[in-house]
Amino acid sequence: MARGARFLLVLALLAALLAVVLQLYRHRKPRLWMVEELSVYNGTNEELPILLAILGSVFDVTKGRSHYSPGGGYHHFAGRDASRAFVSGNFTGDGLTDSLQGLSSSEVNSVVDWRKFYFERYIFAGKLIGRYYDSEGNPTKYLKGVEVKAKRGAQLLEKQKSDEAKIPGCNSKWSQQEGGEVWCDAGYPRLVRRPGDIALTGQVSQRCACFQENELDKAGLVVYEGCDYLSQSCKVN
């Protein structure tokens, strides 16, 4: 066999061996990870798998390499636990942290939903020792607190949806030429507070809902500025 052919054969065997090693890696049993170990698998080395952690759970996201490699939209998450950034959108400095301190129950619930997404779509590779798991892989008090807060957020969100379903929301449309408009097919549009938002997000917001004429004297209902009291449609900014 010619020297060039032997060289190509060796390269092919090495490539096949590497593929087998990577396959075994991806199907290995989940293990415990140190922060320093995880940081190596950040997508900068094409010969290594790409890992990320969320709430201390580590996932192999190699099949999404185009998204998690440098230049990809999710590269910020690779090689670290940046749980907070999944809801904050802050991918710089202190934003790339695993701390959820100060987040609302709704936001914490969203992070837990993201973890569920990764369990469903990617390979679970183990647990990250630190804020969420101790050196033996047991959940910490912090993780338990996060999950309790997330459960509370989910319950509040369901209650808000149930309460709001009893009062139909307004129809709405917007165009650059004509601006915005809200209207009711039956009833009259009013701005009404969403009380559940205080517990969910820590802020007060309003929504447009449709009320019958005999309900318009209820406390807390606000007529849109510039809109007639009994108009079924209102222009909005």
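This is a predicted model: local features need pLDDT of at least 70, side-chain atom pairs count only at pLDDT 80 or more; totals for chains, interfaces and linings use all residues.

Me: Which residues of H6 are buried?
Reply: Leu143, Val146, Ala150, Gly153, Leu156, Gln160 and Glu164.

Me: Glu164 is a charged one. What does Glu164 form a salt bridge with?
Reply: With Arg207, and the closest N and O atoms are 3.7 Å apart. That pair links distant parts of the chain, since Glu164 is in helix H6 and Arg207 is in strand S8 (residues 206-211), 43 residues apart.

Me: Is Arg207 buried or exposed?
Reply: Arg207 counts as buried, at 15% relative accessibility. Glu164 counts as buried too, at 19%, and the cut-off for buried is under 20%.

Me: How many salt bridges does the structure hold?
Reply: Nine. One of them joins the side chains of Lys173 and Glu181, at 3.7 Å from N to O.

Me: And how accessible is each of those two, Lys173 and Glu181?
Reply: Lys173 is partly exposed at 46% relative accessibility, whereas Glu181 is buried at 16%.

Me: Which ring does Lys173 lie over?
Reply: The ring of Trp183: Lys173 lies over its face, at 5.9 Å from the ring centre.

Me: Back to salt bridges. What is Lys218 paired with?
Reply: Glu215, with the closest N and O atoms 3.8 Å apart. Lys218 is partly exposed, with a relative accessible area of 42%, and Glu215 is partly exposed as well, at 25%. There is also a network: salt bridges that share partners join Lys159, Asp163 and Lys166.

Me: OK, rings now. How many aromatic pairs does a search of the whole structure find?
Reply: It finds 18. Take Phe77 and Phe86: their ring centres are 4.0 Å apart and their planes are at 20°, so this pair is stacked. Phe77 and Phe86 are both buried.

Me: Is Tyr132 buried or exposed?
Reply: Tyr132 is buried, with a relative accessible area of 1%. Tyr142 is partly exposed, at 29%.

Me: What charged end sits over the ring of Tyr142?
Reply: That of Arg131, 5.1 Å from the ring centre. So that you have the rest of the Tyr142 picture in one place, the Tyr142 ring has Arg131 over it and an edge-to-face pairing with Tyr132.

Me: Which residues do ring pairs link into a cluster?
Reply: Phe59, Tyr68, Tyr74, Phe77, Phe86, Phe91, Trp114, Phe117, Tyr118, Phe119, Tyr122 and Phe124. Phe77 and Phe86, the stacked pair, belong to that cluster.

Me: Changing topic: which leucines form a nonpolar patch on the surface?
Reply: Leu8, Leu11, Leu14 and Leu17, with about 400 Å² of accessible area together. Leu11 is in helix H1 (residues 3-26), and Leu11 is partly exposed, with a relative accessible area of 41%.

Me: What is phi of Leu55 near?
Reply: Near 50°, which is a positive value in a residue other than glycine. Leu55 is in the loop between strand S2 (51-54) and strand S3 (57-60), and Leu55 is buried, with a relative accessible area of 0%.

Me: Last one. Where does Ala186 lie?
Reply: In the loop between strand S6 (179-183) and strand S7 (188-193). Ala186 counts as partly exposed, at 48% relative accessibility.

Me: And what separation do the C-alpha atoms of Ala186 and Cys210 have?
Reply: They are separated by 7.2 Å, and the two residues are 24 residues apart along the chain.

Note on methods. Residues are numbered from 1 along each chain as its sequence is written. Side-chain values use heavy atoms; hydrogens and water are left out. Rings of Phe, Tyr and Trp (its six-membered ring) pair if their centres lie within 6.5 Å; planes under 30 degrees apart count as stacked, over 60 as edge-to-face and the rest as tilted. Buried means under 20% relative accessible area, exposed over 50%, partly exposed in between (1.4 Å probe, protein chains only). A charge sits over a ring if NZ of Lys or CZ of Arg is within 6 Å of the ring centre and within 35 degrees of the ring normal. Patches are made of residues with over 30% relative accessible area and no salt bridge: like charges are joined within 9 Å, nonpolar side chains (Val, Leu, Ile, Met, Phe, Trp, Tyr) within 5 Å. Accessible areas come from the Shrake-Rupley method with a 1.4 Å probe; for residues, only the protein chains shown count as cover. A salt bridge is a side-chain nitrogen of Lys or Arg within 4 Å of a carboxyl oxygen of Asp or Glu. Helices (H or I, at least four residues) and strands (E, at least two) are DSSP runs, numbered from the N terminus.
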